[in-house]
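Subject: Handing over the structure

Hi there,

Here is the structure I promised to pass on to you. Have a look at it first, and then read on for what turned up in it.

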Amino acid sequence: MTPRIRLGMVGGGQGAFIGAVHRIAARIDDRFDLVAGALSSDPARARASADEIGLPRSYGAYIEMAEAEAAREDGIQAVAIVTPNNLHAPVAEAFLRAGIHVICDKPLTATLDEAYVLAELVRQNDSLFVLTHNYTGYPMIRQARAMVAAGELGTLRLINAEYLQDWLAETPAPDQKQAAWRLDPEQAGAGALGDIGTHAHNLACFVAGQSVAQVAADVGSLVSGRIIDDNVHATLRFSGGARGTLWASQVAIGHENGLSLRIYGDKAGLRWHQEEPNKLWFTRLGQPPQLLTRSGSGAADVANRVSRVPAGHPEGYLEGFATIYSEAADAILATETGGTLPADHHVNGIEEGVAGMRFIAACLKSSKADGLWTAL
């Protein structure tokens, strides 16, 4: 039996959404044991949060946790960082310097300069860094990526990514914890661009196998008085020659979690929508659309490997996140034993994180220049 990896967590205390998601995802495939945490910057709240979930070891500060866990024989092997964006870099630095692997929520950091500094530390360190772009763990996204790589779409021409929400279409209540830090530039860095735009950017690049080379963007806030962006429209030029668009908005009324991807080559096209994640539409030129389903007829081996239940049973957000955690576990074990990851595994790491921050910076620079084409 493969031993479970001892996991710690920074952030994710009472009232936090994403911390609970990470904890569930880490347990779905039984690869991790959560044994320690600094779940809040308030020691009393951290202790109460730890007691609530039965966490054995609670710390009042992440630096204390990094030092103490590194000194224990049974200390954590990896830490999950689920804090506001401005804490990603300092927390990651503390644990990397302590020799502990890092699993970090996106975006990588609050600023591009922080991202470059953190990337250099990762390169100089033996510990693994994983960025949890969870949508890349969906089976039909793995299938789409494989189909593009196999040339089934031909030469890529058009790539369109959208991530549309409406939960910030008006000013939220002051006690709305999830909104409060996301609407604070000091904690979030960028707004919709960082929170959901980086997901759309990462997904497009992941499936297409191309990076964004240039952007022409319009980034702004559409809610009166808001000091952080809540909407971005960007036109994209990809490294492989494809053209594209990206729209990310948290004020698009009628959309709950509308992440979608459309890719078109000179032979065929693909369409996928996150709210129906088990379906992938594939259309060859001159042929009727073909519906491919998770674990169904025509599902590829790369998709079936990350599917957990038979066809027709819904799999989605938590299972996609679990795939990221399971592949992170495989990568950690490979790092610690000198092994290698299978070719069909994919772990988003520091390079993808820096790419996301460069995308944010280029969009902001382009928008300030009235939509001027800007290189990443």
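Let me start with one side chain and its surroundings. Gln 274 touches Tyr 135, Tyr 138, Asn 257 and Leu 259, leaving aside residues up to four places away in sequence. Please keep in mind throughout that this is a predicted model. Where does Gln 274 sit? Gln 274 belongs to the loop between S12 and strand S13 (279-284). Is Gln 274 buried or exposed? The cut-off for buried is under 20% relative accessible area, and Gln 274 has 8% relative accessibility, so it counts as buried.

A second residue worth a look is Ser 249, in strand S10 (residues 243-249). Its relative accessible area is 1%, so Ser 249 is buried too. Which residues surround Ser 249? Again not counting residues up to four places away in sequence, Ser 249 touches Tyr 163, Leu 164, Gln 165, Ile 196, Asp 230 and Asn 231. With one of these, Asn 231, there is a polar contact: the two side chains are joined at 2.9 Å.

Next, a helix. In H2, which covers residues 43-53, the buried residues are Ala 46, Ser 49 and Ala 50. Viewed down the axis of H2, these buried residues fall within an arc of 100 degrees, so they line one face of the helix. On the face of H2 turned away from the buried side you will find the exposed residues Ala 44, Asp 51 and Glu 52. Strand S3 (57-58) is included in what covers the buried residues of H2.

Both ends of H2 deserve a glance. After H2 comes Gly 54, which has a positive phi, near 70 degrees.

Now to the empty space. Rolling a probe the size of a water molecule over the atoms shows where such space is left. How many cavities of 30 Å³ or more are there? The count comes to 2.

The largest cavity has a volume of about 40 Å³. Its lining is made up of Ile 141, Ala 144, Val 207, Leu 261, Arg 262, Ile 263, Leu 270, Arg 271, Trp 272 and Leu 280. Two or more of the lining residues come from each of helix H6 (139-149), strand S11 (258-265) and strand S12 (268-273). By class, the lining of the largest cavity has 8 nonpolar residues, no polar ones and 2 charged ones.

The second largest cavity holds about 30 Å³ of space. Around the second largest cavity are Pro 107, Leu 108, Leu 131, His 133, Thr 198, Glu 352, Gly 353, Gly 356 and Met 357. Helix H12 (residues 350-368) gives the largest share of this lining, 4 residues. The lining of the second largest cavity divides into 4 nonpolar, 4 polar and 1 charged.

There are pockets to explore as well. What is the volume of the largest pocket? The largest pocket comes to about 1,000 Å³. It is lined by 49 residues, and those nearest its centre are Ile 18, Val 82, Gln 178, Trp 181 and Arg 182. At least two lining residues each come from strand S1 (5-11), helix H4 (88-97), helix H7 (177-182), helix H8 (185-188), helix H9 (192-208) and helix H11 (317-337). H7 supplies the largest share, 4 residues. The lining of the largest pocket has 22 nonpolar, 19 polar and 8 charged residues.

The second largest pocket contains about 290 Å³ of space. Of the 15 residues that line the second largest pocket, Cys 205, Gln 210, Ser 211, Glu 352 and Ala 355 lie nearest its centre. H9 and H12 are the elements that give two or more residues to this lining, and the largest share, 4 residues, comes from H9. By class, the lining of the second largest pocket has 5 nonpolar, 7 polar and 3 charged residues.

Enjoy exploring it!

Best wishes

Conventions. Residues are numbered from 1 along each chain as its sequence is written. This is a predicted model: local features need pLDDT of at least 70, side-chain atom pairs count only at pLDDT 80 or more; totals for chains, interfaces and linings use all residues. Side-chain values use heavy atoms; hydrogens and water are left out. On a 1 Å grid over the protein atoms alone, a cavity is a set of points where a 1.4 Å probe fits but cannot get out, and a pocket is an open set with protein on both sides within 12 Å along at least five of seven lines; lining residues have an atom within 4 Å of a point. Grid points are joined across faces, edges and corners, and a volume is the space filled by probe spheres set on the points. Ala, Val, Leu, Ile, Met, Phe, Trp, Tyr, Cys and Pro count as nonpolar, Asp, Glu, Lys and Arg as charged, and the others, Gly among them, as polar. Buried means under 20% relative accessible area, exposed over 50%, partly exposed in between (1.4 Å probe, protein chains only). The arc is that of the directions from the helix axis to the C-beta atoms. Contact means heavy atoms within 4.5 Å. A polar contact is a pair of N or O atoms within 3.5 Å; within protein, one must be able to donate a hydrogen and the other to accept it, and residues adjacent in sequence count only if both atoms are side-chain atoms.
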